[in-house]
Amino acid sequence: MPHIHLKIAAGQSEENKQKLADLFTKVITENTENPDEAVSVAIEDIQKEDWKDAVYDKEIKPNIESLYKKPGYSFDE
């Protein structure tokens with residue numbers, strides 16, 4: 001039962017969010033043995049000025065080695 005929780009910089013339209021959810025669902029169902037009904041997608045808006053504290057420092061940086069796709073940016077100097 002795949003569940004995706006996407007955190008995204010605030011400002012995307014509801015239409016774009018729905019397109020993302022539909023695309024994630026399509027990719028999952030085409031590449032796993034899960035039907036459409038098994039997939040759920042949540043999209044959470046994060047203000048850009050909060051990204052470092054809310055996402056990067058708490059979720060990305062501590063888990064960088066286990067990420068399948070690492071970001072091309074860093075807040076580290």
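This report walks through a predicted model of one protein chain, from its overall layout to a few single residues.

## Ground rules

Because the model is predicted, local features need pLDDT of at least 70 and side-chain atom pairs count only at pLDDT 80 or more, while totals for chains, interfaces and linings use all residues. Residues are numbered from 1 along each chain as its sequence is written, and side-chain values use heavy atoms, with hydrogens and water left out.

## Overall layout

Let's start with the fold. The protein chain has 2 helices and 2 strands, and from the N terminus they come in the order β-α-β-α. Helices (H or I, at least four residues) and strands (E, at least two) are DSSP runs, numbered from the N terminus. Along the principal axes, the C-alpha atoms fill a box of roughly 45 × 30 × 20 Å.

How much of the chain is buried? Of its 77 residues, 18% count as buried. Here buried means under 20% relative accessible area, exposed means over 50%, and partly exposed is in between (1.4 Å probe, protein chains only). As for contacts (heavy atoms within 4.5 Å), take those between residues at least 6 apart in sequence: 55% of them join residues at least 24 apart.

## Surface and charge

The protein chain exposes about 6,000 Å², and carbon and sulfur atoms supply 51% of that. These areas come from the Shrake-Rupley method with a 1.4 Å probe; for residues, only the protein chains shown count as cover.

On the charge side, there are 10 positive and 17 negative charges, and their mean positions are 4 Å apart. Lys and Arg count as positive and Asp and Glu as negative, with His and the chain ends not counted. Each charge is placed at NZ of Lys, CZ of Arg, CG of Asp or CD of Glu.

## The largest pocket

The largest pocket has a volume of about 270 Å³. A pocket, on a 1 Å grid over the protein atoms alone with a 1.4 Å probe, is an open set of points with protein on both sides within 12 Å along at least five of seven lines; lining residues have an atom within 4 Å of a point. Grid points are joined across faces, edges and corners, and the volume is the space filled by probe spheres set on the points.

Which element gives the most to this lining? Helix 2 does, with 4 residues. Strand 1 (3-9) and helix 2 (51-60) each supply at least two lining residues. The lining includes His 5, Leu 6, Lys 7, Trp 51, Val 55 and Tyr 73.

Lys 17 lies in helix 1 (residues 14-31). Is Lys 17 buried or exposed? It counts as buried because its relative accessibility is 9%. Leaving aside neighbours within four places in sequence, Lys 17 is in contact with Gln 12, Ile 43 and Asp 45.

Lys 26 is also placed in helix 1, and at 47% relative accessibility Lys 26 counts as partly exposed. Its C-alpha atom is 33 Å from that of Phe 75, which is 49 residues away along the chain.

## Loops and the N-terminal end

Asp 50 is found in the loop between strand 2 (40-46) and helix 2. With a relative accessible area of 38%, Asp 50 is partly exposed. Asp 50 and Ala 9 are 41 residues apart in sequence and 9.2 Å apart in space, C-alpha to C-alpha. Pro 35 sits in the loop between helix 1 and strand 2 and is partly exposed, with a relative accessible area of 43%.

Met 1 is in the segment before strand 1 and is exposed, with a relative accessible area of 81%. Even so, Met 1 is in contact with Asn 34 and Ala 38, leaving aside its neighbours within four places in sequence.
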